[in-house]
Amino acid sequence: MSSRNILLVIGAGPRLGQSVADKFANEGYRVALAARSLTSGLSSAGMLKIKADLSDPNSVSTIFQTVHNTWGPPNIVVYNGANRITTAVDDPLSAPLGDIQAARTVGFDSAYLAAQEALHGFKSLPDQLCKAFIYTGNALSQIAIPGVLPFAVGKVSAAMLIEYAANAYGPHGYKFYFADERQSDGRPAALDIDGAAHADMYWELANEKLQSYWLVTFVKNQGRQDFAGVDFQGHNRVSHYKRMRDAAAERNN
């Protein structure tokens, strides 16, 4: 049983993943990073790097076993894996089933297994260690943004996974969060996500004593903010459909 704080970042990229890793390492955590671009082994900074491809869900158990064998079970797990497969904006059903499955495998299937593995480890750890599973999400859990149906399938499914887990395990001290960075007006941050902002928010969530609301929408330098789902033009579901009806009516006049 480990009594040391250990962070595992799954799907660790050079921006968000590395920023989160550096933040936790500076706070005294041992840090493990898993991604297909990595070469396995200990880095000069003492971080454990694990080469793993999340398109193969079987890789998830190997990731956790490697961390466990090296240091013990991680008490903070960040899932940052995603497969951003797109479609034509005006033809979402053009995506072949293989694209849906590929995006879902990384966005949900491997995340589901990671959540299972994380929970198993949490239960073996001392009470004094904070325990959290944080999924890097986006606004697709609240609104359908055109052109990314395959990508959205994984994110929406993962949001449901996190809600179920937070409701069931949060009262026992095992926290689950779906984190979604936004612009200050609530629009998606999308490709402009900020690594340092995620690092600060994930540190805050990791150290919460009790599970708070599972859906975490936040803004760089402003922290947690409550937002409904809006697209890049600021439309929510209701105003989007009103805009569609008005356009259709105008075409038919």
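What handedness does the β-α-β unit made by strand 7, helix 5 and strand 8 have? Strand 7, helix 5 (residues 195-206) and strand 8 form a left-handed unit; a crossover is right-handed if, with the strands pointing away from the viewer, the path from the first strand over the helix to the second runs clockwise. By contrast, strand 6, helix 4 (residues 149-169) and strand 7 make a right-handed one.

Some ground rules: this is a predicted model, where local features need pLDDT of at least 70, side-chain atom pairs count only at pLDDT 80 or more, and totals for chains, interfaces and linings use all residues. Residues are numbered from 1 along each chain as its sequence is written, and side-chain values use heavy atoms, leaving out hydrogens and water. Helices (H or I, at least four residues) and strands (E, at least two) are DSSP runs, numbered from the N terminus.

Now look at strand 7 (residues 175-182), where eight of eight residues are buried (under 20% relative accessible area; exposed is over 50%, partly exposed in between, with a 1.4 Å probe and protein chains only). Strand 7 pairs in the parallel sense with strand 6 (residues 132-136) over five bridges, and likewise with strand 8 (residues 215-219) over five bridges; pairing takes at least two DSSP bridges.

Aspartate 194 is buried at 18%, while lysine 220 is partly exposed at 40%.
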